[in-house]
Amino acid sequence: MKKIILYLFLITFFKAASQNCNAYKWEGNLKKYEACKKAKESEYYYQFNHKYHEVLDEAIAIDPTYDDAYWAKSIAYLKSGDFLSWKKIIDKAVDLNPKKHLGYRGWCRYQFFRDYKGAIKDIEEFQKIIKGDVGYCQNGDYHLLIAKAICYKAIGEKEKAIQIIETYLEKNDNESDLFNFYHLGVLYFEKGNYKKALKHFQKQEVENNLAENQYYISLCYKALKDFDAYKKRIEDSEKMYKEGYFMRDPYSYHYDKVYLSQIEKELKKVN
Amino acid sequence: MKKILLMILLLTFYFCKKEEKVNKYPNSIGDITFNAEKDDSNFVLCNKNNVYQYFNDGRGLGYEGEKLALVTTIKEKYKPVKTTQSGLIRIRFIVNCKGETGMFRVIQMNDSYEAFSFDKKIINQLLKITKELSGWMIKQRKDVALDYYQYLIFKIKEGKIVEILP
């Protein structure tokens, strides 16, 4: 959790720092400095607005190598699900500055298009370029290595997914982030290792309790034949869902997401 | 006289160029304009000049019974097509202030993000099923019902639906 706070601070810091066009001036890159200054005018408009794009086009006209302008232009296409236009534009940004945009493109391929293989390819390529910590995804929900693990799970490589998450936890002082223990727990649950799954769901419960997590805890107890705990946890899950404690993503949906109707269906079996 | 003609010519050129610049993008990226040949004239928007995006309220996709109900309905209705074709199909449309849908538009790509044309049996089914979906939530802002853009992306693997986004 501490890491997330630090990460959000760093994002804010670097975001602010990247907007300081003077950095280009100090480097002696005057074309990029002028392009950056022009691109800053886009901040007055919504990402979908035509003026936002016209200003960024002007920035690109000043310096066609100004990668941030392509990245900024790609967002509206991404959010409207226009994979054809998005890919063409974000590819430009990645070609110009892979260290800055390749990990982001990998994350987007997963989050918006469930292009698991494409996401793995980008993130692994990014690891080779960065050599150090690849950092978190755009919305801060996951470290990119955890996102990569989810993609491996999605293509059927569950053992590899477990190994990636466990290595990450080992090297990062059991960093829970928002959902690390939950996804690891689901992986063990699906393998039929309920005791190990329960151990991870209990850790998740301490760090970021969710209706989905309670749902899986109840299923673990059911499998382990502790029916009182099963009943209590599925009731807790329904209560938490109705109170709004569940996984949400305004643009897409979380992997391993559980919906209220699934919880209610299980609840009916108990009562 | 020659000077006047030259002046008119230059002004025409100037305004044409200006017009071209203004029209490079729609007012908002992805805007769908009414097409009498494709669209139902009975589908009416409350405010055609201000159509929101489905995520603008921070809640994302809004469907009765949540996304699971939508996915279940689609998968029950869709009949897999025997083909080797794979990729993504996006159907984008507007949910109006009454929760009705209209102005459907389709884009398609293969697994390499290249424009692609899927078998008509796939596209026609998906369009029909999407048009029949009736559980869309009415989104509001300050108690006023809004029109909003929604899309569904169908991930197709060899003619079967393997995932639905967002």
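## Two helices of chain A

In this predicted model, the axes of helix α12 (residues 194-207) of chain A and helix α13 (residues 211-223) of chain A come within 9 Å and cross at roughly 150°. Since angles over 145 degrees count as roughly antiparallel, α12(A) is therefore roughly antiparallel to α13(A). Axes are lines fitted to C-alpha atoms, for helices over the stretch in contact, and angles run from 0 to 180 degrees between N-to-C directions.

The contact (heavy atoms within 4.5 Å) involves residues of α12(A), among them A:Tyr194, A:Leu198 and A:Phe201. On the side of α13(A), the residues include A:Tyr216, A:Ile217 and A:Cys220. The residues of this contact divide into 9 nonpolar, 4 polar and 1 charged. Here Ala, Val, Leu, Ile, Met, Phe, Trp, Tyr, Cys and Pro count as nonpolar, Asp, Glu, Lys and Arg as charged, and the others, Gly among them, as polar.

## Organisation of chain B

Chain B has 3 helices and 7 strands, where helices (H or I, at least four residues) and strands (E, at least two) are DSSP runs, numbered from the N terminus. Along the sequence, their pattern is α-β-α-β-β-α-β-β-β-β.

Of the 166 residues in chain B, 45% are buried, that is, under 20% relative accessible area (1.4 Å probe, protein chains only). Among contacts in chain B with a separation of 6 or more, 72% link residues 24 or more positions apart.

## Confidence

The model scores ipTM 0.91 and pTM 0.90.

Methods: Residues are numbered from 1 along each chain as its sequence is written. Chains are lettered from A and ligands numbered from 1 in the order in which they are written. This is a predicted model: local features need pLDDT of at least 70, side-chain atom pairs count only at pLDDT 80 or more; totals for chains, interfaces and linings use all residues. Side-chain values use heavy atoms; hydrogens and water are left out. Angles under 35 degrees count as roughly parallel, over 145 as roughly antiparallel, 65 to 115 as roughly perpendicular and the rest as oblique. Buried means under 20% relative accessible area, exposed over 50%, partly exposed in between (1.4 Å probe, protein chains only).
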